[in-house]
Amino acid sequence: MAQPVEITIPATGRKISVPTGLFINNEFVPSVDSKDTIETVNPATEEVICSVVGGSPTDIDVAVAAARKAFNTTWGKNVTGFERSRLMNKLADLMERDAEMLAELETLNNGKPVRVARDFDIGDSIQCIRYYAGWADKITGQTIEVDNKTKVAFTRHEPIGVCGQIIPWNYPINMWSWKIAPALAVGCTIVMKPSEVTPLTALKLSELFVEAGFPPGVLNTIPSLGSVGGAALAAHLDVDKVAFTGSTLTGRKIMEAAAKSNLKKVSLELGGKSPHIIFESADLEQAANWAGLGILYNTGQDCTAGSRLFVQDTIFDKFTALLAEKARALKIGDGFGDVSGGPVVSKTQYDRVWSYIESGKSEGAKILTGGEKRPGKGFYIDPTIFTDVKPHMKIVREEIFGPVLAVAKFSTEDEAITLANNTSYGLGAGLHSNDANQCMRVSSALEAGTVWVNQYNMLNNNVPFGGKKQSGIGRELGSYGLEEYTSIKAVHWNFGEKLDWPF
Amino acid sequence: MPSVFTYKFDTPVYKGTSSFNTGLFINGQFVDGSDGETIDVINPTNGKLVTKISAGTAKDVDTAVAAAQKAFDTTWGLHVAGAVRGKLLGRLADLMEERADELAALEALDNGKTFSWAKTSDVVASVGCIRYYSGWADKHSGKVIETSEDKLAYTRNEPIGVVGQIIPWNFPLMMLSWKLGPALATGCTIVLKPSEFTPLTALRMCELVQEAGFPAGVVNIVNGLGSAVGQAIAEHPHIEKVAFTGSTAVGRKIMEAAARTNLKKVTLELGGKSPNIIFDDADIEKAVSWAVHGIFWNHGQACCAGSRIFVQEGIYDEFLKRFTEKARSLKIGDPFEPGAYQGPQVSQIQYDRIMGYINSGVEQGATLHLGGERHGDEGFFIRPTIFTNTQPSMKIVQEEIFGPVGVVIKFSSSDPDDIIRQANDTIYGLAAAVFTQDINRALETAHKLHAGTVWINSANQLHPQIPFGGVKQSGIGRELGEYALANYSNVKAVHVNLGHTI
C-alpha cells in the first residue's frame, strides 16, 4: 500500500501515475495503524478507478506534528514573504504545465467536462495561487499613535499556525487552491483532508508541491472519511485553526468539536438555497442564460446554486418557457465528450437528488422539464424544473445539490425580497433588472454574502466570498481571505515611561 | 535604422555576449532619433567608447507620448485586467532572472560598479521589485464609504494615464524597475528617459519588455540628454505625471516646468547628506562595517549615502581607527576583477566634481585623513576618502558629494539634543542611521530625525515592500511599498444617489 498506481484515461489513452499514500513531510507513506482504504469511482461509468490509503486519527497526529515542526523551523516566521511568494508562483507554473493532465484526472474522478476542468477549475486555481503569491510579501500591520514621547504601539499580522483544511468534492482542485493559497501566503502550515469521494487530484498536486520546492511538512494531505480524519482535525489540540467547506450539517459538528477541544479558530463555507430574482425589466434572454447557468453549472453541485427562482408575474410564462428550452438544449453526458455538464459525483448524491425530485412530485409541485431517470450506466440527472412550488416544500427549503430548480411567481419587489430572504441560508443571490435604483435597493436588501446583479455564478479571485446566516462564517478570496489565517499581535513598546511605586 | 550593438564579455567573473538595439524604443519598435544624433557611451573603467546610441529629441518625445496614449486608450489602462498586468510583470521578472548575469555584466560595463555587486545586489533587487509590483496589480482597491442608506459612495483607483519617468545613472537597472513596477501595475503607460551616461541595461530591457508580452506603446524608452528629452517630458502638455530621480538642482527644474505647463503631478527623489549617528554604546565593529557600507557602497554614488558620520567622543578614536583600516582595505579595481569592491566613478564629470570637493575640503582646512586621490592612471577611479576636523559650514559637510568621501565628526555627550540638531542641520532629509545598543535612545532618536528613512543598527538596506523617499529638499512622495501605487493613481469618488431628492 501507498505505492503509486498507474491510471489510464480511457478517452485519451493518457497514463497518469497517481500516488495513493498519505502525503506527510513531502513523502507518500502508508497509514501508521490502519488498513482502511478509500475506493474512488468514475461517476460516468460507475467503475472503480483505484484505491487510496484512508488516514486514521493517528495519521492525523503524525501530519499535525509534521506541520507543527515545519511551522517552528522552516515556515511561519522562519521564511520571508518573498520566498513564500516565489514558491507559490512556482507551484502555479507547474499546475499550468500539467493543466491538461490534471483536468483529465479531475474529470475521471468528479465527472465534470474536461474542458471546464481545464479552463475554469484549473485556470481559476492557477490564478488564485498567483493572486495570493502576490500578497505574501505585502502582509502589513499598523503603527498606532499613542504617545510620541513614551511609547510605540504597533500590530503584527502573524500566521495563525497549523491549519486543518477540509474540502469538498464539487470543485476538488479549485477548493484545494482556495484553501492552500491564503494559508501559505501568510505563513501557515497545513493538514489538508480532501474529500473521500475525490482525493486523487489532491494527491497528484502534492507531487507538484514537492517539485515546486516547499519544505517538508508545510502541506500534508490525508485522504480520510470525514467522520474519521475530518473529525480528528476539528478536535485536535495542536491544530490552531480549521477551515471547512461542505454541508451545513457537518459544519456544525466541526464548530462544536473546535469549541470543545481548544477553541481553535473556525471558518466555514456551507450550503445555500440561493434565490435568483427576475424582474420584468430584465433582458429576458440574458437572464434566462444566467438563470440556467445558476442551477446547471457543475450539474447543480455548487454551494451558490441559484436553486430558488423567483419570476415576476408579468413575464412568468414567457420566461419559464424560455428557460425550459435552454435547459433541454444542454447536453449532459460523459465529461470526456463534447458536453456542458457531466454526471453527479456519486451514487450517494444520485440517490439523494432523486429523492428530492420524488418529494417534489409527491408534495404537488409541477414538472416543467426533466424529472425522468435515464437508463444505463452513469449517475446522470437531467435538468429538472419544478413550478407551482410552495415555501413549505422540501424542494424549496432544503439544499438539493443537483440540477433541480424550484420556480415561484411574485408580483411586487417587496414580495420578491421577502420570499428570497425566507431561508436559513445566506450564501448567494442574484437579480436581473434594468432599473438601476431597483438593482441597488434589492441588492442592499438581500441577505447574502454575494449578490450578483445581471449575472450569476461568476467569481473573481480578488473579490471576497462567503455566507451570511447559516451559510457560513468568514470570507474566502480577496484580501479578506488573508484575515482567516492571520493572528493579530499588538506590541506596546515603552521607551519613555517610568513607573512609580507604590502605583 | 538604428544599429544592433553586440558586446563580448571575456572576464574572469563573466563570459558571455550581450546584444541589443541602440535605437529609441517607441511603440514597440526601435527607431533613430528624429535628427539622427547619437550619444557616446563611455566605459568608465578605461574612459573608452563602448558604443553610440540614438539620442532623442522633443519631437521623439511627442511621438512616444502619442504611442503611449494610444496604448492607454486601447490595449492597456483599465482595458486590461489587473491580473493580466500582474502576469506580464511576473513574466518580465522571469525573463530578467534568466538573463541575470548578462544584465549584471552590462551594468558593470556601463556604470563601473563591480560585476559582483551588480549581480548580487542590483539585479536581485530589480527582479524582486518587478515581482513585488506584479503582485499589486489586481489588489489596488478603492473603498466603499458609508454615508447614509440613500447613497452608495465608493472610490476607484484609476491609472493616471501617460506618465513620464526620468532615471539616474547610479543604479540604472534598479531605478528602471522602481519606476516600471508601480506604473505598469496600476495601468499607466510610460515614456521613460534613462540617464545618458548609463543607457545600456535599459536598452536591453526593451526586448525583454516585448518578449514578456507588453503591447506596443505601453513602455517607451527614449534615450537623450536631460536638457532635450528630460525637459520635453517635464513640459509635455499630454503627460499627466512626471517622476524624477536625480539631483535636487534638476528636480527643481522639473517641478518648475511642470507647474508652468499643465500642472502635471510631480514626484521627486533627490539628493541627500544623510547623517550616520554612532553612540558610545554601539557595537563598534558592526558600526564600522555598516558605516563603510553607508558611504562607500556604490562608490558613494547613492542618494541615501551616510556621508556625515557623527561619532560620540567616547569611542571616536577607536571608531576612526577601525573605520580607516576598513576603508583602506577595500579593493579598488576593474569591475570584472575577482574580489574587487569598488570600481570607477561613473564619468569624467563626476570624477572632476568629486575631486573638486576633495580639494575644497583641503582648502577650507579640514584634515584629509585618508585617500583623496586618483587610483591608477586610467578610468575614473577615486580612492575611499575620509575627512576629519571639519566645520559645519564647509562645503564637504553641507553639499552632496556623491562620491566615496566620508566626513567623520566627533560629537560630545553633554547635550543629548545637540546631536539631533546637528544631524538635522541640512536642507536634505532623505535618510539617517543610528547606532546604539540602547533601544530607548535608538527609537527616540529615530523619531526625532528629519528623514524619510531611518535605519537603526544598519544602513542602506532597502526592500521593495518598504517605502522610500525624502523630506525637505530630498524629495516629494514615496517610492516602493504600497505607497508607490498612489503616485500612479487618480482617486475618483463616485456618488450614486439612491433616493435623495431636491
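Helices (H or I, at least four residues) and strands (E, at least two) are DSSP runs, numbered from the N terminus. This is a predicted model, in which local features need pLDDT of at least 70, side-chain atom pairs count only at pLDDT 80 or more, and totals for chains, interfaces and linings use all residues. Residues are numbered from 1 along each chain as its sequence is written, and side-chain values use heavy atoms, with hydrogens and water left out.

**Figure 1. The annotated domain of chain B.** An unreviewed UniProt entry assigns "domain: Aldehyde dehydrogenase" to residues 30-494 of chain B; such annotations may be inferred rather than shown by experiment. This span is 42% helix and 19% strand, and its end C-alpha atoms lie 41 Å apart.

**Figure 2. The fold of chain A.** Chain A contains 15 helices and 22 strands. Its radius of gyration, taken over C-alpha atoms, is 24 Å, close to the 23 Å that the globule rule (2.2 Å times the number of residues to the power 0.38) gives for 503 residues, so chain A is as compact as a globular protein of that length. Of these 503 residues, 58% count as buried, meaning under 20% relative accessible area with a 1.4 Å probe, protein chains only.

Figure 3. UniProt, in an unreviewed entry, lists E269(A) under "active site". The residue E269(A) lies in strand β13 (residues 265-269) of chain A. E269(A) counts as buried because its relative accessibility is 4%. Leaving aside neighbours within four places in sequence, E269(A) is in contact (heavy atoms within 4.5 Å) with residues including F244(A), L427(A), F465(A) and R475(A).

Technical notes:
Chains lettered and ligands numbered in written order. Buried < 20%, exposed > 50% of the residue type's maximum accessible area, 1.4 Å probe, protein only.
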